[in-house]
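Please look over the sequence and the fold shown below, and keep both in view while reading.

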Amino acid sequence: MKQVILKQGREKSVKRLHPWIFSGAIQKVTGSPGLGETVEVLTAGGLFMGRGAWSPESQMSVRMWSFTDTEIGPDFFRRKIEEAIALRKPPVIGADTTGIRLIYSESDGLPGFTADRYGDYLVCQISTAGADYWKDTLVAILREVVPCKGVFERSDLSVRKKEGLGESVGLLWGEEPPEVIEINEEGRKYGLSIQTGHKTGFYLDQRDNRSLVGSCSRERDVLDCFSYTGGFAVAALTGGARHVTLLDSSGPALARADLNIRLNGLSEDKYTLVEVDVFHALRKFRTDNRLFDLIILDPPKFVESRHQVDKGARAYKDINMIAMQLLKPGGFLFTFSCSGHMEDLLFQKIVADAAIDAGREMKILRWLSQAPDHPVITSFPEGKYLKGLMAMAT
Ligand code: SAH
């Protein structure tokens, strides 16, 4: 019997259905479980708590699969996958949306397993030893439940090292996805690359926020900072923006943004692509007294770990402050942080400090987060990472 016995009193988080067990909470391991194998979890007093995956290389030694005595195998995984897919139907996700996160790891009861659908292709991302151990089973069930042309793996994640796993990228089943895949998102069209795009190809988590930006853009002069492949820019332009300026430091991302805007039938005089460091570009606009009616700040993660919160906070404050100074009265700011280590309230405080330094009064109109195909299970609040504010300059 492969068992993990917890230290006295260390079962509290497991009792609250939190899926992570850290090495410091473990008293004893029996039966020599291998990498990713299923173990029974018991309290110090011998009470059965459920089953999880063994990650001997990681500080997070066990990720719970289940808090009941269900057998962990194909039937269990099929149930979890079917539940997850059933959730992503209308009204949660629109019927015409073809870029969808189908499985979101812990939030769908499958720690370490993420799967996205882009049109006829599926992409899997596996970040833990447990999910890797069951990879073939998970992929076989997934492609049965979701008919598709091919399944591609994008497990090029540095966190895999901590699990004792190398990177793994390539076709898992079926046809190799074409270099560019087109998706529909609430009436917008985007081309993306499963093989080389950020994350698994696209920032699906911003879908609802893109739609919101679209609905606020009519006749506005828009600045899309950290535009990547034009997610927000396309939304603004299809929403009737007068003009959109896209800023990104990546030439290839802007080239794709250009194609994405044209894919939506928008004319060339409606947008400007600028390959630039946003921190410099914002200062230059300020010097030139260039103002906008709507600004989007969707930067990469400035906080990668708990230790970087202060440094990240300064970077967020800097761009927010300057962006506020570039807004016309009545202008909208859509500002985001995708750093899980940055608490919502801290982010709001940073934005408030930025407003003071900018000398602007800003009114928060909406609190924003990730789209509903990135749900958060109440016992695992860590599943929430994206936060944003829609604010108006008075
Ligand atoms: N808003 C996008 C996602 C942004 S991802 C969407 O909805 O799809 C972050 C982007 O910031 C990347 O494209 C990266 O190239 C760019 N980036 C990172 N640091 C930058 C900097 N200092 N200046 C300009 N762009 C930067």
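Helix H2 gives the most to the lining of the second largest pocket, with four residues. The model is a predicted one, in which local features need pLDDT of at least 70 and side-chain atom pairs count only at pLDDT 80 or more, while totals for chains, interfaces and linings use all residues. Residues are numbered from 1 along each chain as its sequence is written, and side-chain values use heavy atoms, with hydrogens and water left out.

The second largest pocket has a volume of about 350 Å³. A pocket is an open set of points on a 1 Å grid over the protein atoms alone, where a 1.4 Å probe fits and where protein lies on both sides within 12 Å along at least five of seven lines; lining residues have an atom within 4 Å of a point. The grid points are joined across faces, edges and corners, and the volume is the space filled by probe spheres set on them. Twenty residues, written 20 in the count, line the second largest pocket, and Trp65, Phe67, Lys80, Gly109 and Ile377 lie nearest its centre. Both strand E6 (60–66) and helix H2 (74–87) supply at least two residues of this lining. Sorted by class, the lining has ten nonpolar, six polar and four charged residues, where Ala, Val, Leu, Ile, Met, Phe, Trp, Tyr, Cys and Pro count as nonpolar, Asp, Glu, Lys and Arg as charged, and the others, Gly among them, as polar.

Ile377, one of the residues nearest the centre of that pocket, has its place in the loop between strand E19 (362–369) and strand E20 (387–393). Ile377 is partly exposed, with a relative accessible area of 34%; buried means under 20% relative accessible area, exposed over 50%, and partly exposed in between, with a 1.4 Å probe and protein chains only. Not counting residues up to four places away in sequence, Ile377 touches Glu106 and Ser107, a contact being heavy atoms within 4.5 Å. Although Ile377 and Glu106 are 271 residues apart in sequence, their C-alpha atoms are 7.9 Å apart in space.

The chain is assigned domain 1 (3–66), domain 2 (74–181) and domain 3 (203–393), with bounds that come from an automatic or database domain assignment. The C-alpha centres of domain 1 and domain 2 lie 25 Å apart, and the contact between these two takes 15 residues from domain 1 and 16 residues from domain 2. Together they bury about 1,200 Å², 65% of it on carbon and sulfur atoms, where buried area is the accessible area (1.4 Å probe) that two parts lose on being put together, summed over both. On the side of domain 1, Leu35, Arg63 and Trp65 lose the most area to domain 2, together 50% of what that side buries.

Which residues does Val41 contact, leaving aside its neighbours within four places in sequence? They are Val4, Leu6, Ile21, Leu47, Phe48, Met49, Gly50, Val62 and Met64. Val41 belongs to strand E4 (residues 38–42) and, at 0% relative accessibility, counts as buried.

Ile103, in strand E7, is likewise a buried residue, with a relative accessible area of 0%. Beyond four places in sequence, Ile103 touches Ile81, Ala84, Arg88, Asp108, Leu110, Phe113, Thr114, Ala115 and Leu142. Thr114, which is found in strand E8 (residues 113–118), is buried at a relative accessible area of 9%, and its contacts outside four places in sequence are Arg101, Ile103, Ser105, Val123, Cys124 and Gln125.

Some backbone details remain. The peptide bond from Pro90 to Pro91 is cis, with omega near 5 degrees, and Pro91 sits in the loop between H2 and strand E7 (99–104). Lys199, in the loop between strand E13 (188–192) and helix H6 (207–215), has a positive phi near 55 degrees while being a residue other than glycine, and is partly exposed at 31% relative accessibility. Tyr228, in the loop between strand E14 (221–225) and helix H7 (231–238), has a positive phi of about 50 degrees although it is not a glycine, and at 12% relative accessibility counts as buried.
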